[in-house]
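Q: Could we go through some side-chain contacts in this structure? Please begin with where the values come from.
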Amino acid sequence: MSPSPAYRNYVLFMLTVVYVFNFIDRQLLVILQESIKKELHLSDSLLGWLSGFAFVIFYVTLGLPIARLADRTSRRTTVAVSLGLWSIMSFLTGSARNFIQLLLARVGVGVGEAGGSPPAHAMISDYFPPKSRSTALAIYSSGIYIGVLIGFVLGGHLSQHFGWRTAFFVVSSPGILFALLFYATVKEPRRGATDPDSAQTNERPSLSSVLKQLYTSKTFVYLCMATALHVFCIYGLMNWAGSFLGRSHAMTVAQRGAALGLALGIGGALGSFAGGALTDRYGRKDIRWYMKLPAYAILLSVFFIAGALFIHDNLVSVICFGCVAALQSSYLGPSIAVAHSLVPASMRALTSAVLFFVLNLIGQGFGPWVVGMISDGLKSSLGSESLRWAMSINIVVGVAAMILFFRTARTLTPSPNPQPA
């Protein structure tokens, strides 16, 4: 029996809330990193490595076997257990007394979060048919920016008044309870339930066959490259925006937490939803819009990146960051929808894991780290302005990502059903 529209939407809501917790715990470190830097005496390179590569290497590598397990077992259970684990590890981050302890706690967060998105993507694709799938995935992806809003605003406020350790304790605790609620009220959908042809949904293809199918798809290969560079730009900006406003605009942790939380949270959530809704609308006539729309959005975002970094007015800089978030966030729902359209239902969680492996390893792994290293390298000559110029590398990276999204669009046939070239 097919689930009712009300229950289907409830599941989407619950999965989105899980993703909110994902990014609250992930981004809490970002808004608190200046306070952590002072207490633990860390460099920008170490901060960038901590919020980037050290977290991502476990997040992406474990994402593949966990997604493989989810394709074979209960995705609902995988999501619930993962949420509980990363919430506990985020709570323990507040107890860290040195860099090694902080590193181990963040590794634990990465291990937990590895089991979040790929199974959730697969569940959404089984609850929502292709004609509304990009919109549903975009609504889910808006959890990124809702999590950023809550994490930045609440984390900044708690840090200013009670300290950064208390911020981790308070903000991460609700995720543990929500994991139990999710497990008790969300049902596992039938694989391929919304696909026109679900003949292959009971197959259990080998890992090598899945990777071979993805590797031989020009669409998927170009999509991986485009999203990887785009995510490099996103995290190269978002993970350093709070520190930038503190150093170059002299804003307190509470001020920049509230300002960035609202700007990035509201802008990103609106942009994510709009990206999914618009591509579902225009993609019915020409599937290439699933990639062309994010490409045009990235082109516009480049100008706002320049404004955010080089306009010295506090308010204008924050507004520009919000516009960047709105434009940059439009890519995720369409990208996942296109990736899922290239494989049968039994491969979807693993397909999401492979896509996230590439985009997060290159994007989130190297984006903050490279910016931090450039900032350290320029510090002797530019002082506190070194971070501004280090972050400007993302203008060039953004242009490269835009070109690759247009190239990905050329691999799609202009029909309602995406096909690899």
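This is a predicted model: local features need pLDDT of at least 70, side-chain atom pairs count only at pLDDT 80 or more; totals for chains, interfaces and linings use all residues.

A: Residues are numbered from 1 along each chain as its sequence is written, and side-chain values use heavy atoms, with hydrogens and water left out.

Q: How many aromatic pairs does the structure hold?
A: The structure holds 13; rings of Phe, Tyr and Trp (its six-membered ring) pair if their centres lie within 6.5 Å, with planes under 30 degrees apart counted as stacked, over 60 as edge-to-face and the rest as tilted. One of them is edge-to-face because the planes of tryptophan 164 and phenylalanine 168 stand at 85°, with ring centres 6.1 Å apart.

Q: Is phenylalanine 168 buried or exposed?
A: Phenylalanine 168 is buried, with a relative accessible area of 0% (buried means under 20%, exposed over 50%, partly exposed in between, with a 1.4 Å probe and protein chains only). Tryptophan 164 also counts as buried, at 4%.

Q: What about tyrosine 296 and phenylalanine 406?
A: Their ring centres lie 5.0 Å apart and their planes are at 80°, so this pair is edge-to-face too. The pair links distant parts of the chain, 110 residues apart.

Q: Which residues form one aromatic cluster?
A: Tyr282, Trp289, Tyr296 and Phe406 do.

Q: Changing topic, where does the charged end of lysine 292 sit?
A: That end sits over the ring of tryptophan 289, 4.7 Å from its centre (NZ of Lys or CZ of Arg within 6 Å of the ring centre and within 35 degrees of the ring normal).

How values were computed:
Helices (H or I, at least four residues) and strands (E, at least two) are DSSP runs, numbered from the N terminus.
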